[in-house]
Amino acid sequence: MLEGKAMVEDSDMPVKMQVQAMALASQALDLFDVVDCKSIAGHIKKEFDKRYGSGWQCVVGSNFGCFFTHSKGTFIYFQLETLKFLIFKGASTP
């Protein structure tokens, strides 16, 4: 496990949810090869959907750009090892 080595860059999630996000990222890195970003992201997304209801999105990689709208209190962007993790629950714009 790599817990404790994650660096949160930005978040509006409750702390308990942030800790779970980083723990799931660490778990995914134990289960999948570091270059298999799609499987890592899928694992985290499925776990968040199970725990917090459907609609979660997860992006994992070392170099990506994004622009999105999220539900308040559901966003985290952090780095663990060489990868960046973006997890959020999507929201529709009015």
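The legends below describe close-up views of a predicted model.

**View 1. Four strands make up an open sheet.**
The strands are ordered β1-β3-β4-β2, and their pairing is antiparallel. At the edges stand β1 (7-11) and β2, each of which pairs on one side only. Averaged over the sheet, and with direction ignored, neighbouring strands are turned by 15° against each other.

**View 2. Strand β2 pairs with strand β4.**
Six is the count to look for here: β2 and β4 (residues 83-89) are joined over 6 bridges, in the antiparallel sense. Gly-61 stands opposite Lys-84, a residue of β4.

**View 3. Two helices lie across strands of the sheet.**
Helix α1 (residues 15-31) lies across β1, β2, β3 and β4. Its direction makes an angle of about 40° with β3. Helix α2 (residues 37-52) lies across β2 and β4, and runs at about 155° to β2.

**View 4. Asn-63 sits in a loop.**
Is Asn-63 buried or exposed? Asn-63 has a relative accessibility of 73%, which is over the 50% cut-off, so the residue counts as exposed. Cys-37 is 26 residues away from Asn-63 in sequence, and the two C-alpha atoms are 11 Å apart in space.

**View 5. Tyr-52 and Trp-56 form a tilted aromatic pair.**
The structure holds 7 aromatic pairs, and this view shows one of them. The ring centres of Tyr-52 and Trp-56 are 6.0 Å apart. Their planes meet at 55°, and because this angle falls between 30 and 60 degrees, the pair is classed as tilted. Trp-56 is buried, at 1% relative accessibility, whereas Tyr-52 is partly exposed, with a relative accessible area of 26%. Ring pairs also bring in Phe-48, so that Phe-48, Tyr-52 and Trp-56 are linked into a cluster.

**View 6. Phe-68 and Phe-88 form a stacked aromatic pair.**
The two rings lie 4.0 Å apart, centre to centre, with 15° between their planes. Which parts of the chain does this pair link? Phe-68 belongs to the loop between β2 and β3, and Phe-88 to strand β4, so the pair links distant parts of the chain, 20 residues apart. Phe-88 has a relative accessible area of 9%; this is under 20%, and therefore Phe-88 is buried. Phe-68, at 26%, is partly exposed.

Notes. Residues are numbered from 1 along each chain as its sequence is written. This is a predicted model: local features need pLDDT of at least 70, side-chain atom pairs count only at pLDDT 80 or more; totals for chains, interfaces and linings use all residues. Side-chain values use heavy atoms; hydrogens and water are left out. Buried means under 20% relative accessible area, exposed over 50%, partly exposed in between (1.4 Å probe, protein chains only). Two strands pair if DSSP finds at least two bridges between them. Axes are lines fitted to C-alpha atoms, for helices over the stretch in contact, and angles run from 0 to 180 degrees between N-to-C directions. Contact means heavy atoms within 4.5 Å. Rings of Phe, Tyr and Trp (its six-membered ring) pair if their centres lie within 6.5 Å; planes under 30 degrees apart count as stacked, over 60 as edge-to-face and the rest as tilted.
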